[in-house]
Amino acid sequence: MEDLVVLPAPGAPRGLHIPSGELVEQFSHASGPGGQGVNTSDSRVQLSLDLATTSALDDAQRARVLAALAPRLAGTVLAVDASEHRAQHRNRRAARERLAALLREAVAPPVVRRATRRTAGSQRRRLQAKRERSETKQTRRRPSSD
């Protein structure tokens, strides 16, 4: 198995290089297409990576990835399954692509929202709409007994 290379992205400007020794591949029977061969071939691939011990991430990246992928993790292990193809090598490639995409998205820092002011026109329109609504409700009231 070869090393997994994650393309550069925000949060990882030089990309990530995950050594093959840190990736764990497991194979099992896949459901779905394959005919009679589905019962004998282990075409389903599960690719796992322990995010707490990987050397590919620095401390800031590790914290971001662990926080972003927390619902998907089993402890600190990220597992990705692929079983949509009949051939094991295609499922291996699909699992590696999925793992790389997950890591690319998770390593990106959150986008900070910048506070902006409302435009004068939008404020004017809002207040005008409030006045019109108030007027509509005023006309629905019961006439006063004065």
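## Helix H1 and its packing

The buried residues of helix H1 pack against strand E2 (16–18) and helix H2. Helices (H or I, at least four residues) and strands (E, at least two) are DSSP runs, numbered from the N terminus. The model is predicted, so local features need pLDDT of at least 70 and side-chain atom pairs count only at pLDDT 80 or more, while totals for chains, interfaces and linings use all residues. Residues are numbered from 1 along each chain as its sequence is written, and side-chain values use heavy atoms, with hydrogens and water left out.

Gln61, Arg62 and Val65 are buried in H1, where buried means under 20% relative accessible area, exposed over 50% and partly exposed in between (1.4 Å probe, protein chains only). Seen down the axis of H1, its buried residues fall within an arc of 100 degrees, so they line one face of the helix; the arc is that of the directions from the helix axis to the C-beta atoms. An α-helix has 3.6 residues a turn, so residues three or four places apart point the same way. Asp59 and Ala67, on the other side of H1, are exposed. At the start of H1, a side-chain oxygen of aspartate 58 reaches to within 3.2 Å of the backbone nitrogen of alanine 60. Such a polar contact is a pair of N or O atoms within 3.5 Å; within protein, one must be able to donate a hydrogen and the other to accept it, and residues adjacent in sequence count only if both atoms are side-chain atoms.

## Threonine 54

The loop between E4 and helix H1 (59–68) holds threonine 54. With 3% relative accessibility, threonine 54 counts as buried. Its side chain reaches the backbone nitrogen of alanine 56 at 3.3 Å. Not counting residues up to four places away in sequence, threonine 54 touches Ile18, Glu22, Leu49 and Arg62; contact means heavy atoms within 4.5 Å.

## The sheet

Three strands form an open sheet in the order E3-E4-E5, with antiparallel pairing. Two strands pair if DSSP finds at least two bridges between them. The edge strands, E3 (23–28) and E5 (77–82), each pair on one side only. From one strand to the next, the twist averages 20 degrees. Helix H2 (residues 88–107) packs on the sheet and touches E3, E4 and E5, its direction making about 140 degrees with that of E5. Axes are lines fitted to C-alpha atoms, for helices over the stretch in contact, and angles run from 0 to 180 degrees between N-to-C directions.

E3 and strand E4 (residues 44–50) pair over 6 bridges, and valine 24 stands opposite serine 48 in E4. E4 and E5 also pair in the antiparallel sense, over 6 bridges; here leucine 49 stands opposite leucine 78 in E5.

## The nonpolar core

A nonpolar core is a set of buried Ala, Val, Leu, Ile, Met, Phe, Trp, Tyr and Cys residues joined through side-chain atoms within 4.5 Å. The largest one has 26 residues, of which Ile18, Leu51, Val65, Leu69, Leu78, Leu99 and Leu103 touch the most other members. Strand E1 (4–6), E2, E4, E5 and H2 are the elements that give two or more residues to this core, and H2 gives the most, with 8 residues. Leaving aside neighbours within four places in sequence, leucine 99 is in contact with Leu4, Leu23, Leu47, Leu49, Leu78 and Val80.
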